[in-house]
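Subject: Structure handover

Hello,

Here is the structure we talked about. Please open it and keep it beside this note as you read.

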Amino acid sequence: MAYPFVSDREVRVVSTHFGDPLQRRIDTYVERGGYGALKKAFGMGPTDVVDVVKSSGLRGRGGAGFPTGLKWSFMPKEQTKPHYLLCNADESEPGTFKDRELIRWDPHQLIEGCLIGAFAIRASHIYIYCRGEFFEANQVLARAVEDAYAKGYAGKNIMGSGNDIDITVHQGAGAYICGEETGLMNSLEGKRGQPRVKPPFPAAVGAFGMPSTINNVETLCAVPHIVSNGGEWYRQWGSEKSPGTKLFCVSGHVRKPGNYELPLGFPLSELIEDVCGGMRDGNALKAVIPGGSSVPIINAEEVARCNLDYEGCVAVGTMLGCASVIVMDDTTNIVKQVRRMVDFYAHESCGQCTPCREGSAWTAQIMRRIEDGKGTAADLDTLMEMTQEMVGTTICVLSDSVAAPVQSAIEKFRPDFMALIEANEPAGVAYHG
Amino acid sequence: MAELVKLTIDGHEVSVPKGTTILEAAKQIDTLVPHYCYHPGLSSPAMCRLCLVEVEGAPKPLPSCVTTVTEGQVVKTQSEEALGHRKGVLEFYLVNHPLDCPICDMSGECDLQDYVHLEGRKHGRGIEPKRVFGRDDFGGDVLFYGDRCVMCTRCVRFMNEVEQDECLTVVERGNRSVIDTFFDEGLEGTHWHGNVVDICPVGALVSKDFLYKARAWDLDHTPSVCASCSQGCNVLLHTRDNLVHRVKPRENLDVNAWWMCDHGRLDYEWMNVGDRLEAPLVRGNEGTRTAKSWKDALADLLERASALDDKSVRAVASARASNEDLGALAELVGAFGGGETVFRSPRAEEEIVLKGFPTLARRTDLAPNVKGAGLLGMKRVGADDATGGLESVAGHSGIVVVLGDALADQPEDFGSKAGLYIYLGTHDSAAAQAAHVVLPITTHAEQEGTFTNHEGRVQRFWPALEAPGMARPAWLILGALDAELTGEAGPQTAAEAFAELSEAIPALGGLTYEDLGTRGAVAGTKGAVVGTQGAPAGAAAQAARG
C-alpha cells in the first residue's frame, strides 16, 4: 500500500495495514487474525499478560518512554475500587501524526490493545480520550467500538470468557495540556484540564479518584502483537534498553515526509537521507527536532551521530519524545521557528503554575521582539536565565518544553539571533527557496 | 496523640505530627516560607510555585505546601537553590503586575510587596507591555482588579469549598486566565464573600466599603469580638482617628477559624455614630436636666434612693452589654432591695451556616451576650424584633434601672411612676425623659470586657476607641454605686469585675482573664482541656480530595 511514501527499510508491526481501508472493518480485522491476541490473553490471566509485556521491554510511546509492563504492575492487585484504563489519544504535540493514523487505519488494533491492557490491570472500563479535532479518527473509532460491541468483543462476557469490559470514547475539546496524563483525567471528569500534583500517582488515585493506568495509542497498539508473538519476538528489533519498533513522524524539509515504522536505534542521518529521500532541493541540513517540539533542537553535527532510541537521543543532549522528527534545511530562520513554537506553548499553558503562565508568555514576547529586529544581546541572557527558572519548578513539564527549544536554539544557533539583533530589521516572511 | 516525625529544617531539628506539610513544620522554627495559593483553611493546589524549598535527595525543588514531612528529611528553605527558585518565580509575578501600589488598597499589607522586598530581584528585567484586564464589579462588597491578581485561586476555592456556593471561577488559560463570576450572577446575596477579600494575598479583590478609606499602615488593630450575633467571631477592629474603618476576622479555630460573615463585617458604623451622651444628666424637680460631675450625679442618685419607701427594682438590661456590666447590674439590684431583671434581644428567622465550617454560623440571636445574660438569671422578654415586653417595668413605682436598651419603642412616660429611674445608655432616648439620672456609658468598642457566646465560650475584647466625654463603662458606674450601698470596695479594673462575677456565678466556674487569654474559654470547663486547636479545615478538605 502506498501511504503516502513507503521505504523498504521499514519494519511494520503496528503500521502494517496503513493505507488499507478494509482493515477498518471488523470482519476483515478478524479474518486477518484480529482479536486472537485478546483470546490468548484471556487464557493467560492478568499477571502473565503483564509479565509478557514486561519481558518485551515495551516502553511508553507517548514521549516519556516509561516501561509499560512496569506501569501496569503498579496497579493494586487487590481490587477494592473500580480500575480504569485510559487511552491517551489526545495527540497534540506539534509535529506528531502517528496516533491519528493508527486510529484511522487500524482502529480495532487499538481496541484490542486497550482490551488486553484493561484485562491486565483488572479494569472494567476503558476511556479512550481522543483529540477533538480528529473528526475522521473519532468517527472511525466510534464505528469500530460499535462494531466491537455488536460482535461481542466489548461489553458483557467478551467472547464468552466471562470478562466484562466497557469502552467509552471521549472527544477532547482542543487543549494541548489535556494530553498530559493528569490534565486528561481532570478533563475527562469535566473539570478544567489542569495537570494534578503528583503524588498521588494515577495508579493510586487516577480518573474519578480510582486507580488508573494511562497509555498512549501506539503503546497499546503494540500490545496485541507482543501478546501473540511473545516478548522475545519483540526484542528482535531495537536495543537492549529500547526494544521494538517505533513510528517516526517525519515532517519538514525532506523529500518524502510521512510516517515510517522503524526499529529503535535507527540512525537519524539514514532516516533523513535514505528513508525520507534526503533534503528537499538538495539544500543542506541545518537542524532537527527529533522528538516533537518539546525537546531540545540539534544541529547537523549532532544529527550525524544521533541514533533514534531513548538513550541515543539523550547522548546528543535531546530526547526521543514521541519520535516526531522535524527536519529543517539551511533556509530556515531558527528564531522564527522557535518563536512560533513558544507562541504555541504560551497559548496552550493551562495557567496554573506561575513560571509557566507568566514565563511562557514573557518568552514569546521577547522572542517576537527579537524577530522584529528590536532585540538586544542582553535579551538572550535574560532568556537563558529566565527559562532556566521554568525548568523543574512546575507541576507538569509544559514549561520545561518552552525552555528546551529556546535554550538549545540560543546555544546552538546564536548567529541566527545575533544576525537579527545586529541587522535591526524584522526577519520578514518565511523563505520559500 | 499523632505519631511524631523528626526532620531537620535549616539546621534545626523539628518534631511534628505525621502528615504535617513542610510549610507548616517550618513555622515551628519561625520560618514562613513565602506562598500565595496555600491557605490553611483551603485545599492546596500547589500552583503558585512560590513555596519551593530544597529537600536533600529530591531531584527538583518541592512545593512545601503539599510535601509532607518524612523521618530524617533534610529541608533547606533558605539555601541558595531555594532562594534562587523563589527569586525566579517572584520575577514572573511582576511580569504583568501593574505595580500600582500607590493607589492600591492592599498596599502595606500585600504579600506580593512583602515577598518581593524579602526575596525578589532588586530590579526587574521585564520591559514588555503588560497585559491589561481592568476592573470588574463582582457584586456584594467585592471589587476585582484583574491586573493585580496573582492567580492563586484562593477566592475560587473559598467559594467552592468553604461557602460551597460556586460563584467564582477561572476563565481562559495561560496568562489570559482571569477570575470571573458566572455571567451576571456575582457574589451579591451570598453571606460570606467578604472573606475572599481577606484571603486575597494581593489587591485584586478589595472591599467596596473600605475602598480608598485608609492606608493599611495608618490603621491600629485591636482584638475584639463581633457583636452582631451570638456566634462571637473573633475580630480585629481596624481604627484610625478614633473611628472604626473596617472589621477583619481574627483566627480562632474554636470559633470562627479565619472567617466571618458579611453581616458582622459590615456592622460597625454604629460604633462611630456621634450625638452621644457625654455627661451624667440629673433631672431637677421642675423637669429640667442638668449636666453634673460623676460625683454629684451619683450622690444625688443615692440620696434619692435612700429617701424611697419602695426599693424593689425592675431592671432592663441589654444582651449587648458585657458580662462585667451585667454582673454589676445584678449586684446593684440586690443591694437596692432585690427585683427582676429582663432583657430584650432581636431574633433572626434562621441561621446562616458556613457549610465548609459548619460550627460557624450567623446565629439567630442577633446580640453577642444573650447567653451571658441568661447565665445571670436575667429573663428574656419582648418580641423577635426586640420590642414590647416591658409593661411591668414601665409603670413600676419603685426603682427602675435601664442599662443599654435604647427603649426606642417605648413611650415618653416610660418610668414616670417610678420613685427612682436610672437610665444608663450611649445615646439619649425619648423614653429616658422621665429618668431622674441619665448616665453615659461606653460601647464594647470603648471598654474592656467579655461576652459569652452561644456555646458558653467567654471571650475578651479590648478597647479600640476612646470614649466620648465623660462616658464610663457601666460596670465601673454600677460597681461604685454598689460600693456606696454595701460599704464593700468596688472593682477598679474589668479583670477584677470579671473575677468577682466569676466567683459569684457557679456556671463561670472561677474563670479569670488569664484563663481566657485571646481565644476565650468555655464557661464551666476550667481545668479541663478545652478546644480543638488541631487539624485545620484545610486538612479535612485535602483528605477528601484524596
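First, a definition: two residues are in contact if their C-beta atoms, placed from the backbone, lie within 7 Å. By that rule, A:Gly183 touches A:Ile177, A:Cys178, A:Gly193, A:Gln194, A:Pro195, A:Cys350 and A:Cys396, not counting residues up to four places away in sequence.

Two notes on the model. It is predicted, so local features need pLDDT of at least 70 and side-chain atom pairs count only at pLDDT 80 or more, while totals for chains, interfaces and linings use all residues. Residues are numbered from 1 along each chain as its sequence is written, and chains are lettered from A and ligands numbered from 1 in the order in which they are written.

Back to A:Gly183. This residue sits in helix H8 (residues 181-188) of chain A. Helices (H or I, at least four residues) and strands (E, at least two) are DSSP runs, numbered from the N terminus. Is A:Gly183 buried or exposed? A:Gly183 is buried, because 25 other C-beta atoms lie within 10 Å. The cut-offs are: buried at 20 or more other C-beta atoms within 10 Å of a residue's own, exposed at 12 or fewer, partly exposed in between. Now look further away. A:Met279 is 96 residues from A:Gly183 along the chain, and their C-alpha atoms are separated by 38 Å.

Next, chain B. It has 15 helices and 26 strands. Of its 546 residues, 51% count as buried. Its C-alpha trace spans about 90 × 50 × 40 Å along the principal axes. Among contacts in chain B with a separation of 6 or more, 63% join residues 24 or more positions apart.

Strands pair if DSSP finds at least two bridges between them. S11(B) and S12 (residues 234-240) of chain B share six bridges. B:Asp220 has B:Thr239 in S12(B) as its bridge partner.

Last, where do the chains meet? 28 residues of chain A are in contact with 25 residues of chain B. On the side of chain A, helix H14 (334-348) and helix H15 (354-371) each give two or more residues. H15(A) gives the most, with 10 residues.

Best wishes
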